[in-house]
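Subject: Structure handover

Hello,

Here is the structure for you to look over. My notes follow below it.

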Amino acid sequence: MTHDLSFWTLQTLNALQLSMLLFLLSIGLTVIFGLMHFVNLAHGALYALGAYIAASVAATAGFWVAIVVAPIGVALVGVVLYGGLIQRMRKSGPMAQVLVTFGLIFALLDLTRIFWGDLALAMATPPALSGQVDLLGVSYPAYRLFIIALGAAILAALALALSRTQVGAMIRAGVDNDAMAACLGINVERLFFVVFCVGCALAGLAGAVAAPLLSVTPGMGLQILIPTLIVIVIGGLGSLKGAIAGSLIYGFVQTFGAVLAPQLASVLIYALLAAVLVIKPVGLFPAKG
Amino acid sequence: MFRHTPLRYAVLAILAIAALMQAFTAGYFGLEILIEILILCLLVLALDLVAGFGGMVSLCHGALMGVGAYAFVALNALAGLDPWLAALGAVAITAAVAWVIGAVCARSHGIYFIMATLAFGQMGYSYVFSAPLFGGDDGIGGIDRFDLTALGIDLSDSRTFALFCLAVLAAAYLFTVAILRSGLGRSLAGVMHNEKRMKALGLITWRVKADVFGLSGVIAGVAGVLAAQHIQFISPGLMNWTVSGEALVVVILGGLGTLVGPLVGAAAFVVMKHQLGEITTYWHLIVGVILIAVVMSRANGIFGWVEARWGARIERRLSDATRASTPKEVSTDA
């Protein structure tokens with residue numbers, strides 16, 4: 001089976017687009033885990049919430065307002081969740097956290113159904129991005145290129161913020177040893193709160209940009225949750241590098257698996273995850289050795 | 001170490017009597033709910049064995065049940081084996097799969113163990129979802145129930161099937177208790193409390209974990225075979241991770257590591273699902289809120305809460321009563 005250059009370009013772009021979407025979701029989840037040792041299974045539900053908010057806002061105020069409002073809205077929900085649940089669950093074991101957030105999935109799923117109904121919502125791509133762009137001999141939807149660019153921009157911004165700013169240094173210190181960071185005068189609790197809200201906002205942003213590609217359904221949060229978890233477990237919890245590596249691995253394996261070996265594609269990524277866990281039980285680039 | 005307190009005996013007796021009464025008095029719909037509860041009981045028994053007594057919080061038990069169901073169908077309908085032989089084969093296959101998963105995941109702990117088992121479960125789910133041999137996402141129908149007509153028992157009747165499931169559940173419960181009381185079960189308790197020390201004492205800890213996971217797979221496999229025979233139709237939905245998640249919810253709502261609690265939880269969960277499902281389509285919201293409340297209350301589920309609150313008092317009162325009464329009456333009590 002031979003494929004020409006345009007096939008590879010096209011599939012690479014598809015893989016990148018999936019990777020960037022997963023990156024937006026997984027970075028929040030992984031840093032929350034790395035910093036707070038908190039497993040938030042409801043992260044996918046926040047993504048779905050972002051998509052719903054975006055679809056509703058876009059219907060009246062247009063796309064650009066929507067992708068600004070959705071992350072803010074989801075971050076506000078994050079504030080409520082943090083104050084109400086997560087702060088109290090911080091000291092519990094992983095199982096209690098998994099269960100509380102599992103309950104939260106149930107609750108948020110039905111709340112979105114109550115507010116927005118069972119029918120799938122559609123969100124139109126903005127006119128400026130609805131065309132096709134010629135790139136290396138292939139015609140590719142501009143909107144998907146926008147997702148790749150947005151993901152790359154946020155990746156760069158986060159990488160800079162984490163490695164060059166004082167807040168970034170504080171976060172890295174907190175991930176490394178939160179008790180010691182607190183002793184050195186860093187307000188770790190406030191740091192947790194900020195990181196949690198940023199993570200929620202990024203999940204909302206991911207939902208908002210994904211909404212025009214997929215139809216917005218209550219189940220979309222559950223569908224994306226497993227890929228996101230795979231990304232952060234392959235990459236190693238808590239690190240930016242891990243989230244990047246994990247998203248790229250997932251995006252490429254999934255996309256190229258689906259076109260090159262369709263029978264194996266669905267099992268491939270899980271087999272890879274199992275292999276990673278057997279060889280390196282804490283993932284490829286864990287925040288702590 | 002697992003111990004039967006008087007409270008646990010009492011709750012077991014109440015559950016058994018309630019199940020028998022339901023089996024003999026309920027109509028068709030009530031029997032279907034009863035069978036659903038009994039099969040869920042088997043699954044949560046298997047899950048409590050690994051999660052409550054071995055600290056291995058598994059998110060692949062739904063998938064293991066699915067392996068049992070699919071293996072049964074493959075051996076029975078596709079390979080043409082006798083249902084009994086097929087069931088035996090299916091349980092053996094499930095146990096083997098569970099043993100391998102347990103062995104591979106034994107080195108992981110905490111959240112990594114949860115994720116690793118989730119990965120294996122989803123691997124199975126996506127395999128059957130796309131495998132044309134097993135009907136893909138359409139599932140397979142036309143599954144036979146066991147043939148016991150030679151004994152004058154007709155399992156195609158809901159009532160008989162419910163009683164059959166109840167008998168299987170009772171056997172599975174005794175099996176689980178026997179595992180927990182064996183040397184393996186005691187080693188498992190040691191591994192859960194201090195794995196390093198058990199290792200230092202010369203125990204091969206991964207093998208203990210894998211063995212118990214395999215035995216848990218036996219029960220999950222039995223649950224799968226019964227689930228396949230119950231609706232006589234299977235689809236990949238049986239293996240989705242949400243099934244495992246719900247099973248875990250039931251174990252927690254009931255009381256982790258009490259064996260009896262998860263059974264109470266299973267009955268409560270299924271009844272709640274159907275009752276709330278009639279009133280509102282948003283029953284997940286209510287279940288979710290209850291789950292959050294139970295976990296945040298830090299009680300060990302419904303049964304754990306009752307046990308912590310009244311267990312000691314009931315035990316004291318019963319021991320007073322036995323001391324006051326003659327030995328003869330005690331032996332009939334037990």
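**Helix H5 of chain B**

H5(B) is largely enclosed by the rest of the structure, because 17 of its 21 residues are buried. Buried means that 20 or more other C-beta atoms lie within 10 Å of the residue's own; exposed means 12 or fewer, partly exposed in between, with C-beta atoms placed from the backbone. Helices (H or I, at least four residues) and strands (E, at least two) are DSSP runs, numbered from the N terminus. From first C-alpha to last, H5(B) reaches 31 Å, close to the expected 30 Å at 1.5 Å a residue. That expectation is 1.5 Å times one less than the number of residues.

A word on conventions. This is a predicted model: local features need pLDDT of at least 70, side-chain atom pairs count only at pLDDT 80 or more, and totals for chains, interfaces and linings use all residues. Residues are numbered from 1 along each chain as its sequence is written, while chains are lettered from A and ligands numbered from 1 in the order in which they are written.

**Where the chains meet**

The contact takes 33 residues from chain B and 33 residues from chain A. Two residues are in contact if their C-beta atoms, placed from the backbone, lie within 7 Å. On the side of chain B that touches chain A, the elements giving two or more residues are helix H5 (110–130), helix H10 (241–254) and helix H12 (283–296). H5(B) gives the largest share, 15 residues. By type, that side of chain B divides into 24 nonpolar, 8 polar and 1 charged. Here Ala, Val, Leu, Ile, Met, Phe, Trp, Tyr, Cys and Pro count as nonpolar, Asp, Glu, Lys and Arg as charged, and the others, Gly among them, as polar.

One residue to look at is Val98(A). It lies in helix H4 (residues 94–116) of chain A. Val98(A) counts as buried, with 23 C-beta neighbours inside 10 Å. Beyond four places in sequence, Val98(A) is in contact with Val39(A), Leu41(A) and Ile114(B).

**Chain A overall**

Chain A has 11 helices and 2 strands. Its radius of gyration is 19 Å, close to the 19 Å that the globule rule gives for 289 residues, so chain A is as compact as a globular protein of that length. The radius is taken over C-alpha atoms, and the rule is 2.2 Å times the number of residues to the power 0.38. Along its principal axes the C-alpha trace spans about 55 × 45 × 35 Å. Of the 289 residues, 50% count as buried.

**The nonpolar core**

A nonpolar core is a set of buried Ala, Val, Leu, Ile, Met, Phe, Trp, Tyr and Cys residues joined through C-beta atoms within 7 Å. The largest one has 218 residues; Ala51(A), Ala54(A), Leu38(B), Leu42(B), Leu43(B) and Ala223(B) touch the most other members. Helix H2 (residues 28–54) of chain B supplies the largest share of this core, 18 residues. Leaving out residues up to four places away in sequence, Leu42(B) touches Leu169(B), Ala172(B), Ile219(B), Val222(B), Ala223(B) and Leu226(B).

**Annotated spans**

UniProt (unreviewed entry) lists "transmembrane region" for chain A, including residues 96–116 and 220–240. Such annotations may be inferred rather than shown by experiment. Residues 96–116 of chain A are 100% helix and 0% strand, with end C-alpha atoms 30 Å apart.

Regards
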